[in-house]
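Subject: Structure handover

Hello,

Here is the structure we spoke about, with its sequence. Notes on the side-chain contacts and the surface follow below.

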Amino acid sequence: MTRTSTLSTRVLLVCAAIGVATGILGGIAGWLTIPVLAGPFFLYGLVLGSHVLPGIIAQEVLRQPLVALVAHVIAALIASAFNPAWTLRFLGTALLFGAIQEGVAALTRYRSWGPLRFFISAALIGIFVAVVVYFVAHLSVMAPWAQILYLTISVLGPVVWTAVGLAIGAALRRAGVARR
């Protein structure tokens, strides 16, 4: 008896296509990081939030286990071609964001694919990133308005990109990408 794999060739190819497309965007976000941190630093959450796209699109299109993680890793490898010095950062972000997205999906045993589930993972990512960067970047020395603006945008950035990812994923499903 032949055992069917969760990650069939078709699934891997869809994850690869999503990973390449979002990896290019991730590479552009990598290029924007230094100018944003040097200027309007509070927009960094919006730039970093774009890295949620591979997993959101893959899960919305395929609705099965491990696709977020696979798409994230492929996207990180593609983004690394744009900025090889940041390869470990891209891979670390991919593993973290992918694990959070897979973890939230696993809590529902990969049965609930409503938008709320995606936005919960986005909010968790945003909160985690906001807290970590707050301490790493010593934002406590900034003016209170800058701290509040930074924290708000850091949490909302992944949420906004999740809405974009859901729209793209839904369009890909309507186009027939998810058909077997």
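A salt bridge is taken here as a side-chain nitrogen of Lys or Arg within 4 Å of a carboxyl oxygen of Asp or Glu. By this rule the count comes to 1 salt bridge.

Please note that this is a predicted model, in which local features need pLDDT of at least 70 and side-chain atom pairs count only at pLDDT 80 or more, while totals for chains, interfaces and linings use all residues. Residues are numbered from 1 along each chain as its sequence is written, and side-chain values use heavy atoms, with hydrogens and water left out.

Salt bridge

The partners are E60 and R63, with an N to O distance of 3.0 Å. E60 is buried at 8% relative accessibility, and R63 is partly exposed at 31%. (Buried means under 20% relative accessible area, exposed over 50%, and partly exposed in between, with a 1.4 Å probe and protein chains only.)

Aromatic pairs

Rings of Phe, Tyr and Trp (its six-membered ring) pair if their centres lie within 6.5 Å; planes under 30 degrees apart count as stacked, over 60 as edge-to-face and the rest as tilted. The search of the whole structure gives 5 aromatic pairs. One of them joins W86 and F90: the ring centres are 6.3 Å apart and the planes are at 50 degrees, so this pair is tilted. Both residues are buried, W86 with a relative accessible area of 15% and F90 with 6%. Y110 and W113 also form a tilted pair, at 6.3 Å centre to centre and 35 degrees between the planes. W113 is buried, at 13% relative accessibility. Y110 and W113 belong to one aromatic cluster with F118.

Charges over rings

A charge sits over a ring if NZ of Lys or CZ of Arg is within 6 Å of the ring centre and within 35 degrees of the ring normal. R89 lies over the face of W86, 4.9 Å from the ring centre. R117 lies over the face of F118, at 4.1 Å.

Surface patch

L43, L46, L156, V160, V164 and I168 form a nonpolar patch with about 430 Å² of accessible area together. Patch residues have over 30% relative accessible area and no salt bridge; like charges are joined within 9 Å, and nonpolar side chains (Val, Leu, Ile, Met, Phe, Trp, Tyr) within 5 Å. Areas come from the Shrake-Rupley method with a 1.4 Å probe, and for residues only the protein chains shown count as cover. Helix α7 (residues 144-174) gives the most to this patch, with 4 residues. L46 lies in helix α2 (residues 44-49) and is partly exposed at 36%. Helices (H or I, at least four residues) are DSSP runs, numbered from the N terminus.

Regards

Technical notes: Helix = DSSP H or I, 4+ residues; strand = E, 2+ residues; numbered from the N terminus.
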